[in-house]
Each structure stands twice: as C-alpha cells, then as structure tokens.
Amino acid sequence: MVAATVGLRGLSLCTLSLPILRSAKIKLPIHSFPTSRSLKPLFSPFNPTILRGFPSFCASPDVNVEATATAPPATEAENSQSADDIKNAANLLDIRVGRIIKALRHEEADSLYVEEVDVGEPEPRIICSGLVKYMPLDLLQDAKVVVLANLKPRNMRGVKSCGMLMAASDASHETVELLMPPDGTIPGERIWFGTEDDKDSQPEPATPNQVQKKKIWESVQPHLKTDASCTAMLGEYLMQTSAGVVVCKSLKNANIS
C-alpha cells in the first residue's frame with residue numbers, strides 16, 4: 001500500500017491506496033516494486049491525471065469562495081432601503097429636549113451622577129449618567145440636554161433611572177461631551193432627523209417594551225455621529241429641533257450614544 005497527499009486550490013487527497021486508485025480507473029505506471037522515485041511523477045501536484053480524476057477525501061471544498069467572489073454588489077436601491085430602515089427605526093425613538101433641574105453625585109456609585117431632568121412631563125425624570133470621569137458637576141446644573149426618553153427604566157445602584165442623556169465621545173472614549181439643543185427650544189420638544197417634512201411625518205414613539213424587544217436603539221446607535229462641524233447626524237440626516245440643529249461643543253466625527 002502506498003499513501004500520499006496532493007493539494008491544489010482546496011482539493012486534497014490523503015491516505016490514498018493503490019487499490020482505490022485502480023477503482024477510480026487511474027492508470028498507474030508498471031514497476032516491479034514501487035519506489036519513491038517511481039511514484040514521484042504520479043503524485044506530483046501538477047499531474048493532470050490526479051487533478052482530473054479524483055475528488056477530495058480530506059475536506060469539503062470551500063463552496064463559499066466562488067459564491068462570494070461572484071455575488072453581485074449591492075444595488076443603490078438596496079443601500080437606500082437599508083438607510084430608510086435605519087431612519088424609520090430612529091423615528092420610533094422618543095428623543096426630547098431636556099433641562100437638568102438638579103444634579104448630584106450618586107451616593108452608592110462613584111462614577112455616576114443623578115440628575116432631575118425636565119422633559120415636559122408633570123414631574124421631572126430621574127436619570128443616572130456615568131459622567132463623573134468626564135465633566136464636573138457644576139457643568140450639569142441647569143444645562144439644556146438631549147434625552148432618550150423611551151428606554152425601559154433601569155435600577156442603577158438603588159436609583160431607578162428613567163432615560164439617558166445623549167453624548168458624543170471620541171474613539172478612545174477619553175473625552176465625552178453632552179449633545180446640546182439650540183437656544184429657543186423648550187423641554188419636552190421632540191427631536192427628529194431630516195427636514196421639516198420629516199418632522200410632520202414622524203410616527204408616535206415606540207413603547208419602552210417595544211424599544212427593548214425590537215432592539216431599536218441598538219440598531220440605530222451605530223449610525224449616530226457628529227460631522228466635521230460637530231453637528232449630530234443619523235447617516236446623512238441632521239438631528240433637528242424647531243430652533244435648529246443639535247450639536248456638541250467640540251468633538252468632530254465622533255460617536256454618539
């Protein structure tokens with residue numbers, strides 16, 4: 001019995017015996033005794049008899065290689081549809097103008113602030129934010145902010161947090177800046193993406209349960225960034241209020257969360 005391995009572009013032949021070769025109708029050279037010298041031409045990687053006549057025994061061919069190489073590129077319509085899906089999801093988020101009435105340090109968590117935020121409701125929202133490392137407490141007092149208001153409440157070290165302050169951060173997450181609505185906006189005003197026409201066609205926001213179940217925030221957040229002028233964007237759509245666009249102080253081309 002003689003065994004060898006042959007490989008070419010993903011095809012391989014291993015533990016191959018002479019009887020198997022005969023059953024595959026591969027004609028072998030006749031020798032009184034097979035030697036490594038006499039078998040070398042047969043099992044050369046370039047032997048056309050082997051390459052044409054036998055499948056792989058060692059591994060399945062990589063069927064995805066050809067499919068990937070020949071798959072047609074995404075059409076503009078498909079890309080546009082994807083962008084529309086993201087925008088439609090973003091329209092279900094309840095993003096509002098807020099004003100911090102009072103902010104203090106969390107008694108049980110060194111990295112958290114606890115804010116009372118006016119979002120246009122009868123009572124202020126209590127929101128916990130991990131901003132201690134990034135900004136002093138006095139910067140938060142009476143600040144206009146952008147609030148994501150339809151997240152499910154979370155218990156954060158004994159304090160029920162009902163929303164999230166939206167902020168921009170650099171790639172290393174060493175610098176964080178709160179998003180800022182323009183002057184002239186009022187707490188509770190709903191923020192949208194796009195033009196005035198987009199504002200008029202905005203649907204009702206999803207419930208917190210729907211946002212969690214459908215992972216709406218998770219699908220939208222990777223597409224939120226600031227542009228070169230520090231303006232908040234969803235893809236190519238501006239983050240808008242009735243008084244103008246939402247910005248951050250200085251972070252350009254930054255992630256928003």
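Is Glu116 buried, partly exposed or exposed? Glu116 is partly exposed, with a relative accessible area of 24%. On this scale buried means under 20% relative accessible area, exposed means over 50%, and partly exposed lies in between, with a 1.4 Å probe and protein chains only.

Before moving on, note that this is a predicted model, in which local features need pLDDT of at least 70, side-chain atom pairs count only at pLDDT 80 or more, and totals for chains, interfaces and linings use all residues. Residues are numbered from 1 along each chain as its sequence is written, and side-chain values use heavy atoms, with hydrogens and water left out.

**Stop 1: Glu116 and its sheet**

Stay on Glu116. Glu116 sits in strand 4 (residues 113–118). Strands here are DSSP runs of E with at least two residues, helices are runs of H or I with at least four, and both are numbered from the N terminus. Now select Lys102. Glu116 and Lys102 are 14 residues apart in sequence, yet their C-alpha atoms are 5.3 Å apart in space. Show the contacts of Glu116, meaning heavy atoms within 4.5 Å. Beyond neighbours within four places in sequence, Glu116 touches Arg99, Ile100, Ile101, Lys102, Pro124, Arg125 and Ile126.

Two strands pair if DSSP finds at least two bridges between them. Strand 6 and strand 9 pair antiparallel over two bridges. Pick Leu148 there: Met164 in strand 9 stands opposite Leu148.

**Stop 2: salt bridges**

How many salt bridges does the structure hold? The structure holds six. Each is a side-chain nitrogen of Lys or Arg within 4 Å of a carboxyl oxygen of Asp or Glu.

Select Arg96 and Asp94. Their side chains meet in a salt bridge of 2.8 Å, N to O. Both Arg96 and Asp94 are buried. For Arg96, the relative accessibility is 14%.

Glu121 forms a salt bridge with Arg96, with the closest N and O atoms 3.2 Å apart. This pair links distant parts of the chain: Glu121 is in the loop between strand 4 and strand 5, and Arg96 is in strand 3 (residues 95–105), 25 residues apart. Glu121 is partly exposed, at 27% relative accessible area.

Next, select Arg99 and Asp142. Their closest N and O atoms are 2.5 Å apart in a salt bridge. Arg99 lies in strand 3 and Asp142 in the loop between strand 5 and strand 6, so the pair ties together parts 43 residues apart in sequence. Arg99 is partly exposed, at 28% relative accessibility.

**Stop 3: the pockets**

A pocket here is an open set of points on a 1 Å grid over the protein atoms alone, where a 1.4 Å probe fits, with protein on both sides within 12 Å along at least five of seven lines; lining residues have an atom within 4 Å of a point.

The largest pocket holds about 600 Å³ of space. Its lining has 27 residues, and Leu151, Arg154, Gly163, Met164 and Trp217 lie nearest the centre. Among the elements that give two or more residues to this lining are helix 7 (208–213) and helix 8 (216–220).

The second largest pocket has a volume of about 250 Å³. Select its lining: Met135, Leu139, Ala143, Lys144, Val145, Val176, Glu177, Leu178, Met180 and Lys249. Strand 11 gives the largest share, three residues.

**Stop 4**

Go to Lys87 in helix 5 (residues 76–90). Lys87 is buried, with a relative accessible area of 8%. Not counting residues up to four places away in sequence, Lys87 touches Phe193, Asp198, Leu234 and Tyr237.

Jump to Cys230, in the loop between strand 13 (224–226) and strand 14 (232–234). Cys230 has a positive phi of about 70° although it is not a glycine. Cys230 is buried, at 8% relative accessible area.

Finish at Asn253, in the loop between strand 16 (244–245) and strand 17 (255–256). Phi of Asn253 is also positive, near 50°. Asn253 is exposed, at 57% relative accessible area.

Definitions and conventions. Points joined across faces, edges and corners; volume = space filled by probe spheres on them.
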